[in-house]
Amino acid sequence: MGTLTVWQGSALYVGAVLGTGVIALPALATRAAGPASLLAWLGLVLLSVPLAATFAALGARYPDGGGVSTYVRHAFGARAAAVVGWCFYFAVPAGAPAAGMFAGAYVAGALGGGRRTVVVTAAVLLVLVAVANGFGLTFSGRLQLALAVLLVALLLAAVVAALPHARLRNLHPFAPHGWSAVGSAAALLVWSFAGWEAITHLAADFRRPARDLPRATAVAIAVVGVLYLAVAATSVLVLGPAAGTSDAPLAELLALGVGGTVQVLAAAVAVLLTLGTMNAYFAGAARLGGALGRDGALPAWLARGGSVGEVPRRSLAVVSGLSGLALAATAVAGVGTRPLVLLTTGSFVTVYALGTAAALRLLPRGSLSRRCALLALVAVAALLVMTGWYLLWPLVVTVGALGYLRRRRATRAVPK
């Protein structure tokens, strides 16, 4: 029997979706589309409703550590399930360095040290979330609940404190780079809204999945939607053109609203946000790896610890190790966060596309959840187009997944 409560599940959702997006992406989106980026934020908040509802309905009907991979298996078979599983599993190590570096930029702003501080901060965060998940989901779920309560309070305080400095004139010109730039901003912001699928891997760990998962989803949608729109709108209205040039817009809001030097506080907020996101994703990915090992899409030794109530430490070790290698490669190559964000986005959009398509086959005809799935699939198809060349990464992962399955079957067919 699972141990997660509604509130712990809501906190995991909030951490997975809110997380690092609120640290730096308001600046990246504003740089891409100006104040019109607010339309991209609003559009993705609205998209979150049918998307989250779809995954919650699937999780309630098919509670399993495989998450979206399990749904796709039921709908389209083992090959498609392996592709989805690989896209999610290997997106986490690719995205973890970017998440850690977002927080590291805030820490470097407070303590100095430049890029070295950024990389060291990211490495410390990787170790912390690996250790926390090593103690099991009960411990990491309680940690996540405490983080979520603290973060919501701090973000609301930043918005309320900065609002007196808001100016409507900062909305002009509204679309300085043209209306098509809203699509470019939306492609960046998918990173901010990735996460509605992450907690489905933990569906079986809820005390009552059919009841608790939809409730946790509803709470998370409300919290995330309000906070994202509040922070994005406040950044544009208060910071004006500077909203697109600041590496740490949240720190700028706190500085204007509270006064004095608040870089240390902003760095603490950034670190806590990133911890929440990475904790939720590592938990989901570790559980997924166990399920993929069980189903033959990854080596069978990963399956150990993948049952409800157990800790998938082998899978967790793989995710942690790959994340560390990705961070090291990023540090050596001197690559910024933008390519990492878009590569990860390509993988998550692919997962969303196949997950919502599976929902159309699995959810009851005429149900509200199936109508949500249809709406989500149409919206995700548009995101696929806007993601562009970065879909090459999930294509490479697809080739790897299918190649692994083919080799595994060939090896099993060889007589001993």
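By class, 8 nonpolar, 2 polar and 2 charged residues make up the lining of the second largest cavity; Ala, Val, Leu, Ile, Met, Phe, Trp, Tyr, Cys and Pro count as nonpolar, Asp, Glu, Lys and Arg as charged, and the others, Gly among them, as polar. The model is predicted: local features need pLDDT of at least 70, side-chain atom pairs count only at pLDDT 80 or more, and totals for chains, interfaces and linings use all residues. Residues are numbered from 1 along each chain as its sequence is written, and side-chain values use heavy atoms, without hydrogens and water.

To display this lining, select Asn133, Gly136, Leu137, Leu202, Phe282, Ala283, Ala286, Arg287, Glu310, Val311, Pro312 and Leu316. A cavity is a set of points, on a 1 Å grid over the protein atoms alone, where a 1.4 Å probe fits but cannot get out; lining residues have an atom within 4 Å of a point. Helix 12 (residues 263–295) gives the largest share of the lining, 4 residues. Helices are DSSP runs (H or I, at least four residues), numbered from the N terminus. The space inside is about 100 Å³, a volume being that filled by probe spheres set on the points, which are joined across faces, edges and corners.

Next, select Val131 in helix 7. Val131 is partly exposed, because its relative accessible area is 45%, and partly exposed lies between buried (under 20%) and exposed (over 50%), with a 1.4 Å probe and protein chains only.

Last, go to Pro173, in the loop between helix 8 and helix 9 (181–193). The peptide bond from His172 to Pro173 is cis, with omega near -10°.

Terms used
Helices (H or I, at least four residues) and strands (E, at least two) are DSSP runs, numbered from the N terminus. On a 1 Å grid over the protein atoms alone, a cavity is a set of points where a 1.4 Å probe fits but cannot get out, and a pocket is an open set with protein on both sides within 12 Å along at least five of seven lines; lining residues have an atom within 4 Å of a point.
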